[in-house]
Amino acid sequence: MDVINPATAEVVGTVPGTDPAGVDVAIGRAAAAFGPWRAVSPGDRARLLRRFAAAVDAHVEELAALEVRNSGHTVGNARWEAGNVRDVLDYYAGAPERLSGRQIPVPGGLDVTFHEPLGVVGVIVPWNFPMPIAGWGFAPALAAGNTVVLKPAEVTPLTALRLAELALEAGLPEGVFTVIPGKGGVVGQRFVTHPAVRKVCFTGSTEVGKRIMAGCADQVKRVTLELGGKSANIVFADADLERAAAGAPGAVFDNAGQDCCARSRILVQAGVYDRFLELLEPAVRAFRCEDPTLDSAQMGPLISAAQRDSVTSYVDGARVAFRGTAPDGAGWWYPPTVLLAESGQEAHWHEEIFGPVVSVLPFTDEADAIARANDTPYGLSGSLWTRDLGRAVRVARAVETGTLSVNSNSSVRYWTPFGGAKQSGLGRELGPDALAAFTDVKNVFFATDS
Ligand code: NDP
């Protein structure tokens, strides 16, 4: 598989794909490694994960450079992403020694619950955030005592392969964490059908997620799905408009809009709609889409020519309010673009574009804002801006989404739960309860009658 730099369209490497027999060999090794790995004492498992975190920390610059070259991420983002893998490993290194069950009062005996690891966990990762999304799956899975097989996206395998090397260097035993590059229909599909893989942790498109969920039903296999989004950024008339407008470009154009949490629909209360657009325009024009190796870059290219064609198809024929700039020449560049929606029926308003395009639509009142925000099959993320505390609570509770920010656009903190509602997914990653998804609760009753 050729690995291409999306900023230059140059081939920067080749990675061998894995055939079906090779996938089965890797899953077999992971299954064999499971028994010894779950038997490692909690303190030692914690120490190994901390050493893995330290190895990532020592290679942040190298991992970031790989990601810039393979994914076109800005170097600032790529450093954050490598640091996020380190932090998530450190956070879940605290989990093995805290994986305690409960003692439940029952007559005639003692009832105790245990969190048992599942076995082999298959993690399927998309191309938009290759490092963090991998870490959100493999770190809690390993901490809980599972072994992991991980399939990176075909187009972005480099950082995952390097992370697997660092795991070995840190002392994780062979077979505990294996990265298997290859095609979704071969490697990912085998995670679904292979009986030794006891859970699939998938992030990607809603379409493929549905097929994985259906496939996993055959073996009643556990599944976590982190899927698409079309999140709303709701700006009420009483909000700090300057702050809301200053933050809106980053909330959708970061990572060139290839972000499942992108606030790609801006809803603005009618009375401040014109003022908000006046404030938004200079912020969009100032958004720096440039060579991602530059520290000043806020946005790089799209991942592929196909992705750029897809993004272009949403903008052609739509009402463009204003747009920023992007480099010419080689690479898959696309400028930050603001579209005006009118009916709320436009494809660019309803469908996940996964590119640097945001649509703006006015709303009348609170009820209208909630109805329009919820008029989507997705429910991953979103923001709302208001100075009215009561309204903030009411609207936050009414918007059907898994993750929401008030007077902020942040979505991800590794110590709080992350995941979607409706067709944005199933299950929650991150946060203190993530290990529940990588274990089964076993309930054991001990009779004490003599
Ligand atoms: P996909 O859902 O096609 O791919 C995500 C991962 O699943 C990749 O590793 C892919 O492998 C793998 N995969 C593909 N088909 C199968 C299969 N049948 N069985 C098991 N695994 C499979 O997403 P894309 O990357 O193609 O992106 C398409 C759209 O999905 C985006 O435009 C966006 O709308 C959405 N998306 C959402 C993301 C999110 O974080 N919520 C992330 C990425 C995409 P391979 O690389 O070989 O195709």
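Which residue lies over the face of tryptophan 37? In this predicted model, arginine 45 takes that place, at 6.0 Å from the ring centre. A second case of this kind involves lysine 199, which lies over the face of phenylalanine 438 at 4.7 Å from the ring centre.

Because phenylalanine 52 belongs to helix α2 and phenylalanine 177 to strand β7, the pair ties together parts that are 125 residues apart in sequence. Phenylalanine 52 has 0% relative accessibility and counts as buried; phenylalanine 177, at 7%, counts as buried too.

The rings of phenylalanine 236 and phenylalanine 363 have centres 5.3 Å apart and planes at 80°, so this pair is edge-to-face. It links distant parts of the chain, with phenylalanine 236 in the loop between β10 and α9 and phenylalanine 363 in strand β14. Both phenylalanine 236 and phenylalanine 363 are buried. Elsewhere, ring pairs link Tyr91, Tyr92, Tyr414 and Trp415 into a cluster.

The largest pocket holds about 870 Å³ of space. It is lined by 37 residues, and those closest to its centre are Trp127, Phe202, Gly204, Ser205 and Val208. Helix α8 gives the largest share of this lining, six residues. By class, the lining divides into 17 nonpolar, 14 polar and six charged residues.

The second largest pocket has a volume of about 480 Å³. Of its 20 lining residues, Trp80, Phe129, Asp254, Asp259 and Val412 are the closest to its centre. Here α4, α5 and α9 each supply at least two residues of the lining.

Notes: Residues are numbered from 1 along each chain as its sequence is written. This is a predicted model: local features need pLDDT of at least 70, side-chain atom pairs count only at pLDDT 80 or more; totals for chains, interfaces and linings use all residues. Side-chain values use heavy atoms; hydrogens and water are left out. On a 1 Å grid over the protein atoms alone, a cavity is a set of points where a 1.4 Å probe fits but cannot get out, and a pocket is an open set with protein on both sides within 12 Å along at least five of seven lines; lining residues have an atom within 4 Å of a point. Grid points are joined across faces, edges and corners, and a volume is the space filled by probe spheres set on the points. Helices (H or I, at least four residues) and strands (E, at least two) are DSSP runs, numbered from the N terminus. Ala, Val, Leu, Ile, Met, Phe, Trp, Tyr, Cys and Pro count as nonpolar, Asp, Glu, Lys and Arg as charged, and the others, Gly among them, as polar. Buried means under 20% relative accessible area, exposed over 50%, partly exposed in between (1.4 Å probe, protein chains only). Rings of Phe, Tyr and Trp (its six-membered ring) pair if their centres lie within 6.5 Å; planes under 30 degrees apart count as stacked, over 60 as edge-to-face and the rest as tilted. A charge sits over a ring if NZ of Lys or CZ of Arg is within 6 Å of the ring centre and within 35 degrees of the ring normal.
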